Amino acid sequence: MRELGLYDLVPAMCRLDYTMAEAGGTSDFFREYTLASGGPYCDCGYKKKRKGNGRKRK
């Protein structure tokens, strides 16, 4: 990104990951590190949301 002159936009692009996951509504996005925030690497993932409140019906 630095070579393309877009390095200043990277933090905003990283925050957009959470917004896009919320907009989709079917998964939660999680991440601990980003290179943009000074982390040692980028790690991210999605976890499918459970339908309903997760309680079993009797």
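In strand β2, Y46 is the bridge partner of F29. The model described here is predicted. The protein holds 1 helix and 2 strands, and their order from the N terminus is α-β-β. The points below start with the overall picture and then turn to the strands, the aromatic rings and one serine.

**Overall picture**
- The protein has 58 residues, and 16% of them are buried.
- Its accessible surface comes to about 5400 Å². Carbon and sulfur atoms account for 54% of that surface.
- Of the contacts between residues at least 6 apart in sequence, 8% join residues that are at least 24 apart.

**The two strands**
- Strand β1 covers residues 27-30, and strand β2 covers residues 45-48.
- The two strands run antiparallel and are joined by 4 bridges.
- Side chains alternate along β1.

**The aromatic rings**
- A search of the whole structure gives 3 aromatic pairs.
- One way to describe such a pair is by the distance of the ring centres and the angle of the planes.
- The ring centres of Y18 and F29 are 4.9 Å apart and the ring planes stand at 90°. Planes over 60 degrees apart count as edge-to-face, so Y18 and F29 form an edge-to-face pair.
- This pair links distant parts of the chain, with Y18 in helix α1 (residues 10-24) and F29 in strand β1. The two residues are 11 residues apart.
- Y18, F29 and Y46 belong to one aromatic cluster.
- Are Y18 and F29 buried, partly exposed or exposed? Y18 has a relative accessibility of 33%, so Y18 counts as partly exposed. F29 has a relative accessibility of 10%, which means that F29 counts as buried. The cut-off for buried is under 20%.

**S27**
- S27 lies in strand β1. Its relative accessible area is 15%, so S27 is buried.
- Which residues does S27 touch, not counting those up to four places away in sequence? They are A21, Y46, K47, K48 and K49.

Definitions and conventions
Residues numbered from 1 in each chain as written. Predicted model: local features only at pLDDT ≥ 70, side-chain atom pairs only at ≥ 80, totals over all residues. Heavy atoms only, no water. Buried < 20%, exposed > 50% of the residue type's maximum accessible area, 1.4 Å probe, protein only. Contact = heavy atoms within 4.5 Å. Areas by Shrake-Rupley, 256 points an atom, 1.4 Å probe, with all protein chains shown as cover. Pairing = 2+ DSSP bridges. Phe/Tyr/Trp six-rings, centres within 6.5 Å; stacked < 30°, edge-to-face > 60°.
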